[in-house]
Amino acid sequence: MNATIENQIKSTLKEIISHDLELNIEKEDIEDHVSLNEEGIGLDSISIINFIVKIEKKFGFSFSEEEISIELFSSLNSLAAFISSKTE
Amino acid sequence: MIIEQASDLLLGRAESSSILCDDRHRLSYAALKEAVDHLSIFFLSIKKEEAYCLGIALKNEIPHVAILLALLKTGQNFYLIPPNSDPKKIPDFCDKILAFKDSEKWEVDRLSQWIELNPNPSFTNKCSNIAPRKGAIFLSTSGTSGNPKFVYFQSWKLIENARNVAKRFYLASHHHVLVPVPIYHMYGLGVGLLPSILSGSSICLISNNNIVKLLDKSRQFKPHVTLLTPTTCNMLLMLDKDIHRSHMYITAGAKINKHSHLKFETRFGQLINLYGCTELGAIATSGLAYSQAERLAGLVSPLPSVRMQVKTPDKGEIIAKHPAGFEYYIDKKGRKMPTDTLDADEYKTRDLGEEISPNKFKILGRIDNCVNRNGFLVSLQEVESLMEEVLEETQQIVVIEQQGQNVMGSQLLAICELKEGKSLDTHKAKKRCQTKMKRFLIPDSFIFLPKIPRLNNGKPNRNTLKETYRTINT
C-alpha cells in the first residue's frame, strides 16, 4: 500500500521536475535513486526553491526548517517516503 | 615578511576544540598541522625548478585546505585554477597541475591515493625566470572582457590581508565560521578561510553550495559568522523558512536592495556588506558598530591600514591604498603586464563612490556601467537601487542605456519585473520616482514584465535585456 502511494508521489515529483522547473529533463529519464544535487540531476538553488514551493502547494503541507536536509533531498526515494509520511 | 613565519601563524591559535569540517571530513587543528607538515616535506622534495608553478583547482574540502597550507608554508608558486576550467586554458606559466582524485581517503603518507601531478601541456620553457621565484600566488581576475590576465600576490600579503579581515570582525578561536562560497576565489579565501584559520576559529566548508546544504550545515554547525552572496541572501528570503541564526552574515558583490536587506536582518540577523576585489582582497566593510540605517544605505569603512578616497568633491572613482594588495598583472606566459589601474601605491578601483561622512563611503557601481545625464556621471546600479526603494510593486529592476541621446544625455530604459499580482504603469512609476529621485536620475521609459530573463545563478540576464531592448522604441 505504502509502496503504491510512494510510487504515485515519485511520479508527481518527476512531473514537477520535468515540467515546472525549466531544466530540460524528460520525466522518463529521472531515476528514483539518483541524487537531486550536482552529482545527479543537478538542481541548483533556484530550482530547489521552486521544487520545494511546488511540493508544498501540490501536497498541501509546509516543510519546517529542520526537515530540509541534505539526506532528505538526496533522492526521490527519500523525498517520496517523507512526503508519504507527512500526507498520511 | 618571511613566508615560514606567516605559515606558522596560520596554525598557531586554535583551541583544542576548534575543528575544520566539510561534507566528508572533520579534523582538529592539531591533525591539520600534522598533515600540513607531512605535505610540506613532499612539496620541498619536488621543488627542483626555479620557475616552478603549480596549477591547482581548489575545492571547499579539507584535503584541499591542507594542500593549500603546505604550498604556502613551503613558498611554492601556485595558480588557483577556477574549477571546471578548460584544461587548454591553463596558463602557460604553470608547469604542473596538481589534480585531486575522487577519494574519501587522504592519507598524507599515501599521496598517490588522492593527488597526482600532471604536466601542463601548454607549459613553455620560455616562461622560465619570468614568474617570481618563491611565494607567489596567482589568481584569475573575474573580469569578463579582454585577454585573460592573472593577479600576482605575494603570499605574505595575502595573509596580511586575512589578518586585516580577522581584526575587523574580531574573529576568535571560539567562533564558528561557515564558508559556503568557493575558496579558490578571493572572497572565500581571503575573507572566509584564511582569517578563520589565523584566528583558530572552527570552519565548516560547503562545496557546491545550494540552499539545502546551507540550511543543513547552518543547523548542524551553528555558525557565528556566515559568508553569503547577494543571490543566496535573496534565495533565503524567497524560501521563507527560519534558519539557525548566525550572529553575523557577510555578503560581498553587488549590494542587495534596501527592502531585501531590511527583510533579511529582521528575519535572520545582521548583514554586513563587504567591498573588495581580487586585486586588493577586502577593502572595506560596514562597521560592526554601524546603525541598521547605515548598513541598509550600503555604507562601508575601510579596513585597518587601508585608505580610501574619492578624488572629486562629489562622486568619483574610488581610489584605494592597500598595504597588502597585489603586485601586478601577468599574462598567460608569466610576463608582467602594464596596468593603468595601479599608480604608485594607489589602486583605481573602477568603481564610482561617494564619501558620505569622514571614512564612510557609499559604493555606487562600476564606472563602466555609468552614463552621462545632465552633465552628471550616473551609475545605473544607483538608479536601480533608488527605484527599488520607491517602486514596491517590483521585485527586480534593470536599467539599460538605449541607443541615441535626448535632452538629458543618454536615454535610459527601466525594465521592471513585477511581483506576483501587482501592477504598475509608466505614469504612476514616474510620479513615484519623482518624489524621491532627482529628475535626471529618472529613466525616460519603463516597461513592466512578469518575469525578467535570468542566469542560472538567479541574477538578471543583463546581456539579453540589453540586446533585446537597446533599440526598441517603448
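This is a predicted model: local features need pLDDT of at least 70, side-chain atom pairs count only at pLDDT 80 or more; totals for chains, interfaces and linings use all residues.
Residues with under 20% relative accessible area are classed as buried, those over 50% as exposed, and those in between as partly exposed. On this scale Glu15(A) is partly exposed, because its relative accessibility is 34%.

Glu15(A) takes part in a salt bridge with Lys27(A), with an N to O distance of 2.8 Å. This pair links distant parts of the chain. Glu15(A) belongs to helix H1 of chain A, whereas Lys27(A) sits in the loop between H1 and H2 of chain A, and the two are 12 residues apart. Lys27(A) has a relative accessible area of 25%, so this residue is also classed as partly exposed.

The loop between helix H1 (2-20) and helix H2 (45-59) of chain A also holds Glu28(A). Glu28(A) has a relative accessible area of 63%, which means that it counts as exposed. A patch of negative charge on the surface brings together Glu26(A), Glu28(A), Asp29(A) and Glu31(A).

Over all chains, the structure holds 29 salt bridges. One of the salt bridges pairs the side chains of Arg219(B) and Glu65(A), at 3.2 Å from N to O. Arg219(B) lies in helix H6 (residues 211-221) of chain B, and Glu65(A) lies in the loop between H2 and helix H3 (76-87) of chain A; the pair therefore joins two chains. Both partners fall under the 20% cut-off for buried residues: Arg219(B) has a relative accessible area of 18%, and Glu65(A) is at 10%.

Helix H6 of chain B also contains Lys217(B). Lys217(B) forms a salt bridge with Asp23(B), and the closest N and O atoms are 3.9 Å apart. Asp23(B) is located in the loop between strand S1 (19-21) and strand S2 (26-28) of chain B, so the contact ties together parts that are 194 residues apart in sequence. Lys217(B) is buried, at 9% relative accessibility, whereas Asp23(B) is partly exposed, at 35%. In chain A, salt bridges with shared partners connect Lys10(A), Lys14(A) and Asp32(A) into one network.

Chain B also contains an open sheet of 8 strands with mixed pairing. The strand order is S6-S5-S3-S4-S7-S8-S18-S19. Strand S6 (115-119) and strand S19 (336-337) are the edge strands, each pairing on one side only. Strands of a sheet pair through backbone hydrogen bonds, either parallel or antiparallel. Strand S3 (residues 53-56) and strand S5 (residues 96-100) of chain B run parallel and are joined by 3 bridges. Gly55(B) stands opposite Ile97(B) of S5(B).

How values were computed
Residues are numbered from 1 along each chain as its sequence is written. Chains are lettered from A and ligands numbered from 1 in the order in which they are written. Side-chain values use heavy atoms; hydrogens and water are left out. Patches are made of residues with over 30% relative accessible area and no salt bridge: like charges are joined within 9 Å, nonpolar side chains (Val, Leu, Ile, Met, Phe, Trp, Tyr) within 5 Å. Accessible areas come from the Shrake-Rupley method with a 1.4 Å probe; for residues, only the protein chains shown count as cover. A salt bridge is a side-chain nitrogen of Lys or Arg within 4 Å of a carboxyl oxygen of Asp or Glu. Lys and Arg count as positive and Asp and Glu as negative; His and the chain ends are not counted. The place of a charge is taken as NZ of Lys, CZ of Arg, CG of Asp or CD of Glu. Helices (H or I, at least four residues) and strands (E, at least two) are DSSP runs, numbered from the N terminus. Buried means under 20% relative accessible area, exposed over 50%, partly exposed in between (1.4 Å probe, protein chains only). Two strands pair if DSSP finds at least two bridges between them.
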